[in-house]
Amino acid sequence: MRSGNPALSDSTFLDLGSGAVVSRGAGAMTLNGTVNKTGLLLLLAVLTAAFAWNHTLTDTGELASGARLYLWGGLIGGFVLAMVTIFKKTWAPVSAPLYALAEGLFLGTISAIYEARFEGIVFQAVLLTFGTLFALLFAYRSGLIRATENFKLGVVAATGGIALVYLATIVLGFFNISIPFIHESGLIGIGFSLFVVVIAALNLVLDFDFIESGVDAGAPKYMEWYGAFGLMVTLVWLYIEFLRLLSKLQSRN
């Protein structure tokens with residue numbers, strides 16, 4: 001039961017006292033319940049994203065006064081709520097929807113900024129994100145892709161490596177130092193973004209497998225919200241990486 005998604009770790013469905021899988025019988029987690037809650041979280045994110053989108057740029061194409069508030073408020077608020085949800089799983093029925101609302105503000109703002117520079121990029125990124133989601137879901141359900149232990153180890157290791165690169169980028173940015181090539185629109189930068197997109201997409205397979213494991217184990221009902229939250233974390237990451245990749249490709253035109 002391993003996932004590269006930090007929201008879905010090995011101990012997600014375990015009781016910390018006994019180490020046994022938590023089960024609630026009739027009030028257990030179901031696949032349909034998790035799917036419905038994932039749809040609700042996406043809807044909440046779209047609502048706040050639409051609001052932020054409409055208030056990000058002025059008529060002259062400049063950033064509106066409240067744009068940075070939506071951007072950083074959504075980013076920091078989403079991060080805080082994600083940490084709360086991860087460490088307090090029983091709060092997921094409340095914290096997961098709040099996370100979706102906060103993340104929507106960030107996504108709407110960053111999407112409007114990208115769209116102002118690269119027309120049509122947001123529609124492309126959305127199509128690619130959901131196309132990847134449904135394609136991998138079909139591949140997983142049909143058995144074309146199996147979440148074996150070696151597969152999980154590889155994806156988790158790659159995800160950790162990417163996280164370290166991004167962390168180093170943030171830390172070095174405080175000293176006005178940038179990691180060369182990988183964040184640029186050259187072949188190395190595009191190749192790096194392609195690699196990150198592939199790893200983010202493969203994390204969806206681990207998320208599907210992890211949620212299915214929770215359903216089979218009879219995890220408690222609130223874990224439907226937690227499973228939906230974990231899946232949405234991966235979808236947000238995948239969407240952002242598609243935006244980055246497409247922007248690099250369009251910069252070369």
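How many helices and how many strands does the secondary structure of the protein chain come to? Show the chain as a cartoon and count: there are seven helices and zero strands. Read from the N terminus, the order of elements is α-α-α-α-α-α-α. Keep in mind that this is a predicted model.

**The whole chain**

Of the 253 residues, 44% are buried. Now consider the contacts with a separation of 6 or more: 82% of them are between residues 24 or more positions apart.

Next, select residues 67–87, which are helix 2. Then pick out Trp 72, Leu 75, Ile 76, Phe 79, Val 80, Met 83 and Phe 87 and show their side chains. These residues form a nonpolar patch on the surface, and their accessible area together is about 730 Å². Stop at Val 80, which lies in helix 2. Its relative accessible area is 45%, so Val 80 counts as partly exposed.

**The largest pocket**

Which helices each supply at least two residues of the lining? Colour helix 2, helix 3 (92–117), helix 5 (149–173) and helix 7 (223–251) to see them. Helix 7 gives the largest share of the lining, with twelve residues.

A search of the whole structure finds six salt bridges. Start with Glu 212 and Arg 141, whose side chains meet at 2.8 Å, N to O. Glu 212 is in helix 6 (residues 187–217) and Arg 141 is in helix 4 (residues 121–141), so the pair, 71 residues apart, links distant parts of the chain. Is Arg 141 buried or exposed? Its relative accessibility is 52%, so Arg 141 counts as exposed. Glu 212, at 27%, counts as partly exposed.

Now move to Lys 152 and Asp 209, another salt bridge, with 3.1 Å from N to O. This pair also links distant parts of the chain: Lys 152 belongs to helix 5 and Asp 209 to helix 6, 57 residues apart. Hide the surface here to see the side chains. Lys 152 has a relative accessibility of 5% and therefore counts as buried. Asp 209 is at 14%, and therefore counts as buried. The cut-off used for buried is under 20% relative accessible area.

Go back to helix 7 and select Glu 241 and Arg 244. They form a salt bridge, and the closest N and O atoms are 3.5 Å apart. Why are Glu 241 and Arg 244 separated by about one helical turn? The reason is that they are three residues apart in helix 7. Glu 241 has a relative accessibility of 2%, so it counts as buried.

**Last stop**

Finally, select Lys 37, Lys 221 and Glu 224. Here the salt bridges form a network that links the three residues.

Definitions and conventions:
Residues numbered from 1 in each chain as written. Predicted model: local features only at pLDDT ≥ 70, side-chain atom pairs only at ≥ 80, totals over all residues. Heavy atoms only, no water. Helix = DSSP H or I, 4+ residues; strand = E, 2+ residues; numbered from the N terminus. Buried < 20%, exposed > 50% of the residue type's maximum accessible area, 1.4 Å probe, protein only. Contact = heavy atoms within 4.5 Å. Patch = residues over 30% accessible without salt bridge, like charges linked within 9 Å, V, L, I, M, F, W, Y side chains within 5 Å. Areas by Shrake-Rupley, 256 points an atom, 1.4 Å probe, with all protein chains shown as cover. Salt bridge = Lys/Arg side-chain N within 4 Å of Asp/Glu carboxyl O.
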